[in-house]
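The following note is intended for a colleague who is new to this structure.

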Amino acid sequence: MRQKNQSRLSGIDLKAAGPAIALILLCIIGYMLNPAFISEGNLTNLLTRSAFIGIIAVGATFVITAGGIDLSVGSMAAVISGLMIILMNNAVNTMGAGVATVLLGCGCAIVLGLGAGLVNGLLTTKGKIEAFIVTLGTMGIFRSLVTYFADGGTLSLDFEIRGTYRPVYYDSVMGLPIPVWVFIFVAIAGWLLLNRTAFGRYCTAIGSNEAVAKYSAIKVDRVKTLTYVIQGLCVSLATIIYVPRLGSASSSTGVLWELEAIAAVIIGGTVLKGGYGRIGGTIIGALILTTIGNILNFTDMISNYLNGTMQGLIIIVAVWLQRAEFGRKGTKSE
Amino acid sequence: MLDGQSIPSAVLAADCVNKSFGSVPVLFSVSIDIRVGEVHALIGENGAGKSTLMKILSGFHTPTSGRVLLDGVPTTLPGNGEAEKLGVILIHQELNLAEQMTVEENVFLGREMTRNGVLDQEGMRAVVKGYLDDIGLGIRPTDRISDLSIAEKQMVEIVKAISRNARVLIMDEPTAVLTEAETALFFKQVERLKSSGVAIVFVSHKLGEVKEIADRVTVLRDGQWIATNEIEDLTPDAMAQLMVGRELSDLFPPVHEADVDAPLALEVRGLSSMDVRKISFSLREGEVLGFFGLIGSGRTAVFEAICGLADRTAGNVQLFGAAFDPKSVAESRDKGIVYLTKDRKEKGLLLGQKMRPNLTLFALPKFAKRFGLDKAAEQTALERAVRRFDIRSRDPDVLVGDMSGGNQQKLLLAKVMECDPKVVVIDEPTRGIDVGTKQQIYHFIAALAAEGVSVVMISSEMPEVIGISHRVVVMRNGEIAGILTGDDINESEIVRYAAGLKRVTEND
């Protein structure tokens, strides 16, 4: 009996450690291809770039764990960037180009993110429309809105505000860039929320079996809506640290972010149909995706244009490995 | 061949079969022989190894040691249902039908008839219609499975088996979710199959039915073969004793006299919803109120409307003298009334999770401290529940889906009791569980009532309704047909109300 226990434990550990092992392997490969891979500058750059997808993916982990999906996050980031820029540019005249204007822009981003998440959530729960359809719809709406606001071109942030806002992306605190700190903060908060609170337990229960959740006195609609609101909040945080990087927004901002975020979640071991979520895995998943791109930048062996191919392969292999695990367990219990 | 001659009529047999999962043995040298044209019942408590034996006989499991003989020839049955081609067909308890496809498509799934490379729909329809007409049910080949009742789905499974030229039909608790009328219809089909030479193996916890339909009975206990007897030699009591291995003391605990002056816990007046009309009844503190009726008579719907799981269209409900109209299950729970679903696998428990998150899910706010969950308190609760409800599991980290039905039911009970309710509604408390666990659950219900908790027990099993209720409400077609007390609580009276031969309107 003890033996069985142990094998089950080590089995789960191995599975949980899978993404981490993959990341370490990638890093070793990166180092072998080009020792500059582990230079401080490169690693910091890698972490900073992971932050956008990583923060969004933390939100996506909640949505997916509760059995939903949000395809609108990339477009949502774009439209929030656009509106933020418009608002700040207009505020320059009255409020100047100081910190207050930037804070106003950030506040606006958060309100927009929460609002967009709430719309997605309510349409899914109260409107009883499949999450895939709702967010496919809002994805299109958000994308076309940003194009409309930019009049088909690019919305650029006022030069003076850019100066004020720039440090949010480019400055470091205690050796780590600010986006990385935000990423760490979001990751810890997300982990606590999913693993240590009743809300996290409710998300898992709903994703496992919605009927059981309903009969267990869980306010299913409210919890599901909240997962989309959390997703919206994560998108707005990612946008706030993204806007100072380029200082502009256009119809191509945040394209395919939704797929990268979902990929990070799935690579990390969260089950796409819900009921099992891992924040730690999601973060590693986001790091893996960014690392692949980074390594390809460093080497000439594979064309940088094949970045998507490598990411795609990793996603398929990761899910295939998960399935193999589940398949074995399934036949055993039958 | 020699073997075949020495037991000429055994179409399928297991010979000294052992089976272990990992290091856990579940079957110890079990032998059974299934003869042509017999109905062979397999009985035993939950966890006795019945399911495992059935899966070995149908090729879903391979025995760790021992032989399976088909027509007397040692055979390794192909797995994953391939044994169907050899005429050995297992009908799972969770029926295996594609819900969104039609009856005809399901029957021919995987071996569709074709003509010139396209589906021969007319041909298939005619064949299926022939079978369905034989059975005498109002099902059409073009009906969608999701529109059928459970009994009808079961019949479709049987048609599927017949159409595959079944020689041995193995069924896991086929009657567990059937009403009496449906069971009778089902038995008619069993008789028909039997007379055409099909051997039938079935598992049932309803010993009365076993006595009625089986020719021979094999009893398993703790993975061991205990006995195989002709049905004439056994009474239901004797079967129960063989299963449990000890004298069964009284199945039902003594019913304490109800206190007719106890304050009212629940009072329902003129309640209507989508499925029920003008429901009025009352429930006193410390009372066990039985709710009897045929499946679909609206018993569950009444309590879903009371507990905030379904919308009411009329009527008022008073809980401990205060108007009660919960907007959510959470509000019901907080006011002290809980509903325990009959559907433990679909609505009751998270099968992919361990016991602890399942136990505390219903009362989770109780375990929240500041921002997090108090896992130590959860663990203590689990240990207490395991003791209180006698939940047995091989290891504490087992997934709930891998536990036996009886232990799942106890866990479900423990889960709703975790929030200390004043009124408990238990829907089909003993569906699909063995007689030993049933007894424990009856005693538990009686103990609850003795503590002053009011219990509503919805049940389709007449003996238990009679055995532990102070009063019995009989429902029919979404209405209350009658409320029985005292000596009126007997089988013939209840049947008369349930069948619509008699009805009264309550006016107290």
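1. In this predicted model, helix H4(B) passes helix H5(B) in a right-handed crossing. The residues of H4(B) that make the contact are B:Val127, B:Val128, B:Tyr131, B:Leu132 and B:Ile135, and those of H5(B) are B:Met155, B:Val159, B:Ile162 and B:Ser163.

2. As to the geometry of the pair, H4 spans residues 121-135 of chain B and H5 spans residues 150-163 of chain B. Their axes come within 10 Å and cross at roughly 120°. H4(B) is therefore oblique to H5(B).

3. Helix H2 of chain B, formed by residues 50-57, is mostly covered, with 7 of its 8 residues buried. The buried residues are B:Lys50, B:Ser51, B:Thr52, B:Leu53, B:Met54, B:Ile56 and B:Leu57. After H2(B) comes B:Gly59, which has a positive phi near 85°.

4. Strand S1 of chain B (residues 10-21) runs antiparallel to strand S2 of chain B (residues 24-35), and 8 bridges join the two. Within this pairing, B:Leu12 has B:Ile34 of S2(B) as its bridge partner.

5. S1(B) is also joined to strand S4 of chain B (residues 65-70), by 5 bridges, and these strands run antiparallel. Here B:Asn18 has B:Ser65 of S4(B) as its bridge partner.

Note on methods
Residues numbered from 1 in each chain as written. Chains lettered and ligands numbered in written order. Predicted model: local features only at pLDDT ≥ 70, side-chain atom pairs only at ≥ 80, totals over all residues. Axes fitted to C-alpha atoms, helices over the stretch in contact; angles between N-to-C directions. Helix = DSSP H or I, 4+ residues; strand = E, 2+ residues; numbered from the N terminus. Parallel < 35°, antiparallel > 145°, perpendicular 65-115°, else oblique. Left-handed = near helix turned anticlockwise from the far one by under 90°. Contact = placed C-beta atoms within 7 Å. Buried ≥ 20, exposed ≤ 12 C-beta atoms within 10 Å, placed from the backbone. Pairing = 2+ DSSP bridges.
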